Amino acid sequence: MATATSNMHVAIAKPVTLPSCEISKSSVAVFSSGIREASWTKLRSSSHISSTHVISQNITSRPVKFNRMITKAMSESNDIKPLPGLPIDLRGKRAFIAGIADDNGYGWAIAKSLAAAGAEILVGTWVPALNIFETSLRRGKFDESRVLPDGSLMEITKVYPLDAVFDTPEDVPEDIKSNKRYAGSSKWTVKEVAECVKEDFGSIDILVHSLANGPEVSKPLLETSRYGYLAAVSASSYSYVSLLKHFVPIMNPGGASISLTYIAAERIIPGYGGGMSSAKAALESDTKVMAFEAGRKHRVRVNTISAGPLRSRAAKAIGFIDMMIDYSSENAPLQKELAAEEVGNAAAFLASPLASAITGTVLYVDNGLNAMGVGVDSPVFKDLNIPRDNHRS
């Protein structure tokens, strides 16, 4: 779930530039029927400078499979002819993804798809998660999940500290300032991070909001406190308003901003409480308003992806993610488990010129579950001839 489940905490990390690495060739993501004799160039690992060798392999053409679309990253080469199909080309673009603290959530998947399309990746990570995240990157624990379709490793140019609950230093209470988990970090409010990114890079093209938190998410709405409700809205929806408010001045015209929402914004999902459904409803409404304002003033597009349930570490914390995945598999039009990369690829499309006329939209990436009015696995329908996926394992 792209919610308090799949994005349970606001991500932040102390300012740190990962070991420098060099990209031999730029990348471009391509939807294509095949690539003939493509030459792939390996990116140098941002965690291990010593791993800097070039590999190449031949890839022969394969028929298009219409049941699945896969993002391919292709190294730029003068001897490669233009491919048929529509390319997702984000070379020369820079993306800031707020909300990555590990390697198995939607934020990570979005970063990978954007990197596969050639974008430069900047990340915001929650301060208390910094040491684990940075250490895991440095020790290569994420290397397997950093592998892009061309065999290279996703590079994160810089990790910034970010607590999107606080807009300015004046908003930070003393108990947070003195908290040991924040010791050693500075300039991690939204305004300060935007200023640091401007100072370091000048501008960005893509802004991704992949964070949420509901301290009382396991409580029914009628048992949720005012504090819990407002905390959920602050961390999960207003944080997006704040991010776009402070980052849009440094976004290049034609840029794109993307957030993650969940079907609980529109439908009843028992167990998804604590004001989180209200926060997601606010996020979807704000997406439309910000699309108008950012579009008119800055020519920046604003969309949100309503993603299905994902078995991430954060999602497991609320206790019923396995049930939601099983329910989706039984009742969605496409009877399969949703993969994080499918949401990542949808985000890459929304960030690309191919989606240049799409803004203010909720894009459902949930195997079609949003379209269902009833759960067809109910015993009530046992005598009906319900279609099943004959190819399902």
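Modeller: Helices (H or I, at least four residues) and strands (E, at least two) are DSSP runs, numbered from the N terminus. Please note that the model is predicted: local features need pLDDT of at least 70, side-chain atom pairs count only at pLDDT 80 or more, and totals for chains, interfaces and linings use all residues. Residues are numbered from 1 along each chain as its sequence is written, and side-chain values use heavy atoms, with hydrogens and water left out.

Biologist: Over how many bridges do strands β7 and β8 pair, and which residue in β8 does His-209 stand opposite?

Modeller: Strand β7 (residues 204–209) pairs with strand β8 (residues 251–261) over 5 bridges, in the parallel sense. His-209 stands opposite Ser-259 in β8.

Biologist: What percentage of the residues count as buried, and is Asn-367 buried or exposed?

Modeller: Buried means under 20% relative accessible area, exposed over 50%, and partly exposed in between (1.4 Å probe, protein chains only). Of the 393 residues of the chain, 52% count as buried. Asn-367, in the segment after β10, is buried, with a relative accessible area of 8%. Its phi is near 60°, a positive value in a residue other than glycine. Arg-299 also deserves attention: its phi is near 55°, again positive in a residue other than glycine. Arg-299 belongs to the loop between α6 (276–298) and β9 (301–307), and it counts as exposed because its relative accessibility is 60%.

Biologist: How many salt bridges are there, and why does the pair of Glu-337 and Arg-311 tie together parts that are apart in sequence?

Modeller: Side chains of opposite charge can pair when their charged atoms come close. A salt bridge is a side-chain nitrogen of Lys or Arg within 4 Å of a carboxyl oxygen of Asp or Glu. By this rule the count comes to 12 salt bridges. In one of them, Glu-337 is joined to Arg-311, the closest N and O atoms being 2.7 Å apart. Glu-337 lies in the loop between α8 (321–331) and α9 (340–351), whereas Arg-311 lies in the loop between β9 and α7 (313–316), so the pair ties together parts that are 26 residues apart in sequence. Glu-337 is partly exposed, with a relative accessible area of 42%; Arg-311 is partly exposed at 31%.

Biologist: What are the closest N and O distances for Lys-336 with Glu-342 and for Asp-383 with Lys-382?

Modeller: For Lys-336 and Glu-342, the closest N and O atoms are 2.8 Å apart. For Asp-383 and Lys-382, the corresponding distance is 3.5 Å, and both of these residues are exposed. Salt bridges that share partners also join Arg-311, Asp-322 and Glu-337 into one network.

Notes:
Pairing = 2+ DSSP bridges.
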